[in-house]
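Here is a short briefing for someone meeting this structure for the first time. Look through the sequence and the model, then read the points below.

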Amino acid sequence: MNLSLNVPTPLEYFSALVHADADFPLLEAAISLAQDEYPDLSVQQVLGDVDQLLARLTRRLPVDAGPLQRLRTLNQFVYRDLNFAGNFNNFMDPDNSFVHVVLRTRLAIPISLAVLWLELAQGIGLKARGVAFPGHFLVKVNLSEGQVVIDPLTGQSLSREELAERLEPYRQMNGLVDEQEVPLGLYLQAALPRDIIARMLHNLKEIHAGQEDWSRLIAVLDRLIVLLPQAWTEYRDRGLAHAEAGRSGHALEDLETYLANTMHGNSTNLYTDRAAIAQRVAELRRAIS
């Protein structure tokens, strides 16, 4: 009897991980993002490496340790014993987003280190969640004493004043004046695992777009579209990347998908964008014919 075992492609594997929000495997999905760049990567091996860290951390905790003691022990373990930190000298290195590389180098950007921190925190029973704070991903823990918001690069707990100060550049950039003040708490809502993975992919998207690395950009956009199948701007951006890479047929398919699904918007920006994309579609059609 012949057995045919079809090994899923990295994108198929990713799709299986993220197809539903229930029991979304945040760490596994985050690890899998590196498979396009590192095709021989064993996701299960990396999961095992994190399990070993969790076992080491758990052995340090008394059975009766309360949440505050668990949080202090976690931060001691991550930032002092293991020396995890931000890769401040090269924030734009794609490897900062790849969990298996972060485990080896101990250098990261906020969101990738947050994913590891959250896995360890939840593994020792802390009520920890990610926070999609503008400009710098954060984590938070609910304790009996109240909510603690933490910078995942340092383990530093942040006061309301410090959070407001960090928010100020975002407010200035978006022209938010005092009468349009948004309560700080709205910026501290827990991020869904799907949104965390999307933010990791958008970081990679920005890097590859800036370097005009079309093949890597397309691979990231493939994942974003699997993750967010109705994010029509990602189809637009993938179509434009395909066009730059000389793949006119793929470009037309994506750009026409974008146009077909955004025709009912009425904002000025959308109208202008749709006109530009329609012109690009016409150019591609002329080039093919």
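This is a predicted model: local features need pLDDT of at least 70, side-chain atom pairs count only at pLDDT 80 or more; totals for chains, interfaces and linings use all residues.

Residues are numbered from 1 along each chain as its sequence is written, and side-chain values use heavy atoms, with hydrogens and water left out.

**Overall make-up**

- The protein chain has twelve helices and five strands. Both are DSSP runs numbered from the N terminus: helices are H or I with at least four residues, strands are E with at least two.
- Along the principal axes, the C-alpha atoms of the protein chain fill a box of roughly 70 × 70 × 35 Å.
- Of the 289 residues in the protein chain, 44% are buried. Buried means under 20% relative accessible area, exposed means over 50%, and partly exposed lies in between (1.4 Å probe, protein chains only).
- The protein chain exposes about 15,700 Å², and carbon and sulfur atoms supply 50% of that area. Accessible areas come from the Shrake-Rupley method with a 1.4 Å probe; for residues, only the protein chains shown count as cover.
- Take the contacts in the protein chain between residues at least 6 apart in sequence: 55% of them join residues at least 24 apart. Contact means heavy atoms within 4.5 Å.

**The nonpolar core**

- The largest nonpolar core holds 69 residues. Such a core is a set of buried Ala, Val, Leu, Ile, Met, Phe, Trp, Tyr and Cys residues joined through side-chain atoms within 4.5 Å.
- Helix α6 (residues 110–123) gives the most to this core, with nine residues.
- Leu74, Trp117 and Ile197 have the most contacts inside the core.
- Beyond its neighbours within four places in sequence, Ile197 is in contact with Phe14, Phe24, Leu26, Ala29, Ala30, Leu33 and Leu227.
- In soluble globular proteins, nonpolar side chains tend to be buried together.

**Strands and hairpins**

- Strands β3 (residues 128–131) and β4 pair in the antiparallel sense over four bridges. Two strands pair if DSSP finds at least two bridges between them.
- Ala128 has Val141 as its bridge partner in β4.
- The β3–β4 hairpin has six residues between its strands, and Gly135 in the turn has a positive phi of about 85°.
- Strand β4 (residues 138–143) also runs antiparallel to β5 (residues 146–150), joined by five bridges.
- Leu143 has Gly146 as its bridge partner in β5.
- Two residues link β4 to β5 in a hairpin.

**Ser112**

- Ser112 lies in helix α6. Ser112 counts as buried because its relative accessibility is 1%.
- Residues up to four places away aside, Ser112 touches Asn96, Ser97, Val102 and Met200.

- Met92 sits in the loop between β1 (85–86) and α5 (99–105). Its relative accessible area is 47%, so Met92 is partly exposed.

**Thr257**

- Thr257 is in helix α11 (residues 248–261). Thr257 counts as partly exposed because its relative accessibility is 22%.
- Outside four places in sequence, Thr257 is in contact with Trp232 and Tyr235.
- Thr257 and Gly239 lie 18 residues apart in sequence and 9.2 Å apart in space, C-alpha to C-alpha.
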